[in-house]
Amino acid sequence: MATEYKTAIYTHDRLENARTKGQVIGWVQGGAAVGALLFLLQFIGWIPLIAVASLLAFMGFKIASRKK
């Protein structure tokens with residue numbers, strides 16, 4: 001298989017590199033989100049955090065499932 005498509009701007013290697021970078025960035029963002037969650041838990045406790053998360057999840061579900 002050729003490393004460059006005839007009509008493509010980007011090579012296959014560049015696309016794979018971008019895909020890998022995107023996955024790494026996603027893992028870093030996920031780790032940062034978990035770290036921030038654990039940091040917040042130290043200050044506010046579980047019950048208020050679960051209540052807020054439930055409210056946000058419910059609102060997100062309502063927005064996502066509304067008729068257009």
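Trainee: Is Phe 39 buried, partly exposed or exposed?
Mentor: Phe 39 counts as partly exposed, because its relative accessibility is 49%. Buried means under 20% relative accessible area, exposed over 50%, and partly exposed in between, with a 1.4 Å probe and protein chains only. This is a predicted model, where local features need pLDDT of at least 70 and side-chain atom pairs count only at pLDDT 80 or more, while totals for chains, interfaces and linings use all residues. Residues are numbered from 1 along each chain as its sequence is written, and side-chain values use heavy atoms, with hydrogens and water left out.

Trainee: And Phe 43, buried or exposed?
Mentor: Phe 43 counts as exposed, at 58% relative accessibility.

Trainee: How many aromatic pairs are there?
Mentor: The structure holds one. The ring centres of Phe 39 and Phe 43 are 5.0 Å apart and the planes are at 75 degrees, so the pair is edge-to-face. Rings of Phe, Tyr and Trp (its six-membered ring) pair if their centres lie within 6.5 Å; planes under 30 degrees apart are stacked, over 60 edge-to-face, the rest tilted.

Trainee: Where do the two sit relative to each other in the helix?
Mentor: Phe 39 and Phe 43 are four residues apart in helix α1, so about one helical turn separates them.

Trainee: Other topic. What is the secondary structure of the chain?
Mentor: Two helices and zero strands. Helices (H or I, at least four residues) and strands (E, at least two) are DSSP runs, numbered from the N terminus.

Trainee: What follows α1?
Mentor: Gly 45, with a positive phi near 85 degrees.

Trainee: How much of the chain is buried?
Mentor: Of its 68 residues, 4% count as buried.
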